[in-house]
Amino acid sequence: MRSNNIRLNCGITIPILGFGTYSYENDRQTTEQAIQTALQMGYRHFDTAKIYGSEEAVGNALGEAIESGVIGREDIFVTSKLWGSDHHDPVSALKQTLMKLGMEYVDMYLVHWPVKLKPWACSAVPDEQDFDELDLEGTWAGMERCLEMGLCRAIGVSNFSSTKIQQLLQFASVPPAVNQVEMHPMWRQRKLRQICGENRIHVSAYSPLGAPGSFWGSPDVVNNPIIKSIAIKHRATPAQVALRWGLSKGTSAIVKSFNYERMKENMGALDLRLDDNDMLAIERMVERKIMRGDFLVNQTTSPYKSIQDLWDDEI
């Protein structure tokens, strides 16, 4: 994707714009078609996870493109994630993921949440009895084994707070290369970006537009008057401004739309440049944390009062 890559602490590079493959409908044919279109547009990073149910579609679409010579395996970057019910055995979980993908390795394997679930828990909305005590050191040791075995090229985390990152670094032999979290102009993650930057951990943003149109998200980011005014100034769209803001902070972004025009629009953010006044105006915006993670913890049934308990602090 044009040479728009960032070098990680482990030495490999990651494209700054990734293509997310989660969809509520989880229609395999639609997902495969979207990935094929994304490849034609220049997307090279494809983000999936066990809980998304999209690993097979990702593998089929990318495998077909590789087999037909459209792209080489070395030219794409595939991320998947360890679900909470697999913390007891990351190696076996990743091997299952690789079977679904039809690949020998993934480029990045992330701990999806700092939450452990019982082995039978396979729902994105766990019940109270599904939660188990997290042994983060044991989980990370399993992630490091995945790396040693060549099942992945890099390991990282997702939805980890500043506190969780610091806890992990106390015993990790291999530090996480990435922390993938929700981040956008209305949840700017200052403290987390600082902690990760000090430890050479790359921050990758999911829901970089605030997930408008989804059941957990909000259109507040793209509808914000400041974002809109900056978009008019640059003859861009609010979505492009929001994406460019995050990229300007040194993060990468996982965009998620299967709509052709929006996929093209998101790619256009790479050509946009914001000036100092634009960045300052966004920094002055009132933050509103649109917590996607609330889908994971139900305030009445889980041992956590809210997703904020998982963050431990302002992440």
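In α2, the buried residues (under 20% relative accessible area, with exposed over 50% and partly exposed in between, using a 1.4 Å probe and protein chains only) are Glu55, Ala57, Val58, Gly59, Ala61, Leu62 and Ala65. An α-helix has 3.6 residues a turn, so residues three or four places apart point the same way.

A word on the model: it is predicted, with local features needing pLDDT of at least 70 and side-chain atom pairs counting only at pLDDT 80 or more, while totals for chains, interfaces and linings use all residues. Numbering runs from 1 along each chain as its sequence is written, and side-chain values use heavy atoms, leaving out hydrogens and water.

Helix α2 covers residues 55-67 and spans 18 Å from first to last C-alpha, close to the expected 18 Å; that expectation is 1.5 Å times one less than the number of residues. Helices (H or I, at least four residues) and strands (E, at least two) are DSSP runs, numbered from the N terminus. Among the elements covering the buried residues of α2 are α1 (28-41), β4 (45-47), β5 (77-82) and α3 (90-101). Just after α2, Gly69 has a positive phi of about 85°.

Stepping back, the protein holds 11 helices and 12 strands, and 55% of its 315 residues count as buried.

Now to the cysteines: the whole structure has zero disulfides (pairs of cysteine sulfur atoms within 2.5 Å). For Cys10, the nearest cysteine sulfur belongs to Cys152, 9.5 Å away. Here are two cysteines by accessibility.

| Cysteine | Relative accessibility | Class |
|---|---|---|
| Cys10 | 40% | partly exposed |
| Cys196 | 0% | buried |

How values were computed:
Contact = heavy atoms within 4.5 Å.
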